[in-house]
Amino acid sequence: MESISVFDIIKIGIGPSSSHTMGPWNAAKMFLDLVRRNHSLQDVKEVFVEFFGSLAKTGVGHGTDIAGMLGLSGENFRTIDTNKIDEKIEKIKSEQKINLGGEAWLPFIYGYHLILNKERSLDFHPNGMIFKVIFQNGKEFSQDYYSVGGGFVATKEDNSMEDRCVRTLYPCHHGSDILKYCEKLNLNKISDLVLLNEESWRTQEETRQKALEIWDNIKDCVYKSINKKGILPGGLNVTRRASEMNEKLLGTQIYKNKNEWFEMVKNEQKTFSSVTKWVSCFALAVNEENASFGRIITAPTNGASGVIPAVLMYAQTFTEFNSEEDIIRFLLVAGEIGTLFKKNATISAAMGGCQAEVGVSSAMAAAGLTEISGGTPGQVLMAAEIAMEHHLGLTCDPIGGLVQIPCIERNSMGAMKAITAASLALDGDPTKAKVSLDSVIKSMWETALDMNSKYKETSEGGLAVAVNVAEC
């Protein structure tokens, strides 16, 4: 089993979906790199991409088609100006040509060169796609890819990350491994163990800086969103709420920048009502930004990107555990818990429903909060177990195929469950727990396998059908 860095689980991304936007975008880049190994892009006459299964059924709402076109154009979702995405897509569609990899202009007709095949699914995974090029000499080359959650991409031949895989000093593929090594090394903090293992990728100082970079992006995302009003794109006419909540909570106070706003929030009344409203505000802000193709932190997916920011913002603004060191330790532990779900179950809603996204992120956040609140390694794993236990069976049924209803509010609920789970674990005795984290991960995977496919990000069941809104 491969080792996974925490920063493959928690990373800078772009909305609205890690599996349906970032995954196809990454796959397009991988395909271009594959073509370049033996050819020049100038040798290509035509390029095609066909999306299948869940990618096709909710593709428009999730921006899968947009990701495919921008990926084939050589754009990078980490650096692209998100304000110019609509302009770039409109140009491709209206001019009916694409600049392949930024190197070769080719004809490109939407609906012919890019197809959303809703009638067929590829056997390997619900999120399947096939890229194909025809060269000037008439020869063809194609490759299948599968978006397996969190922006990760696999092929039928290679369902691993072997090109990036390294062996850590203390491999932790299960919760029991974490407890074993903490005891063996006499470590009281799981984050100390994670810090040692992350040295397989970078120095400890680089790891710390990477965590703080994630935190800066979280604050940027929340601040950007709470200053935006209006309707989210996609056709459901969902109104942004984080901005209005922020205004109501701060009253007549005026801020000029992110830091002033952050200090005002920290000085707010710490009543139960106020704190819970702020947690919801933080979560809604991130997911409203995600729903509008904004830059967010994928943790572990985009559909669940508001949970960890909301809980970390809560810790930084309303608790005593608000140092830079707390930020680093929170993210390291949260990321490590995410790797356990990635390795032993799934973080893809198309495979496991929303339990695989909001459920996993809630478990991650609960573990991170318990870590910085002084929890033992056993209590940290206990918190993650409690959070996931109360998300088991959660379906993924986005109305209109958009990551808006019920996705945005679910992040708020996931954040509150994480805080509650941490509180229970900190007062609990892990030795008396009847269910371990490894057991609940196993149960989650079994639930995912048993779950009807219509509840796995297809918009063919649950709320998506009850509300009866066509995909936007």
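## Cis peptide bonds

Pro300 sits in the loop that runs between strand 9 (295–298) and helix 13 (307–318), and in this predicted model the peptide bond from Ala299 to Pro300 is cis, with omega near -5 degrees. Another cis peptide bond joins Gly15 and Pro16, where omega is about 5 degrees; Pro16 belongs to the loop between strand 1 (11–14) and helix 2 (18–36).

## Positive phi angles

Asn237, although not a glycine, has a positive phi of about 60 degrees, and its place is in the loop between helix 9 (204–226) and helix 10 (242–250). The relative accessible area of Asn237 is 59%, so this residue is exposed, the cut-off being over 50%.

Ser459 is not a glycine either, and has a positive phi of about 60 degrees; Ser459 is found in the loop between helix 19 (437–450) and helix 20 (463–466).

## Annotated domain

The unreviewed UniProt entry places the feature "domain: Serine dehydratase-like alpha subunit" at residues 189–464. Over residues 189–464 the chain is 62% helix and 1% strand, with the end C-alpha atoms 43 Å apart.

## The chain as a whole

The chain has 20 helices and nine strands, and its C-alpha atoms fill a box of roughly 70 × 55 × 45 Å along the principal axes.

Buried residues make up 60% of the 472 residues, and among contacts with a separation of 6 or more, 76% are between residues 24 or more positions apart. The chain exposes about 19000 Å², of which carbon and sulfur atoms supply 48%, while the mean positions of its 48 positive and 58 negative charges are 2 Å apart.

Notes. Residues numbered from 1 in each chain as written. Predicted model: local features only at pLDDT ≥ 70, side-chain atom pairs only at ≥ 80, totals over all residues. Heavy atoms only, no water. Helix = DSSP H or I, 4+ residues; strand = E, 2+ residues; numbered from the N terminus. Buried < 20%, exposed > 50% of the residue type's maximum accessible area, 1.4 Å probe, protein only. Contact = heavy atoms within 4.5 Å. Areas by Shrake-Rupley, 256 points an atom, 1.4 Å probe, with all protein chains shown as cover. Lys, Arg positive; Asp, Glu negative; His and termini not counted. Charge placed at Lys NZ, Arg CZ, Asp CG, Glu CD. UniProt positions renumbered as here; feature names shortened; annotations may be inferred.
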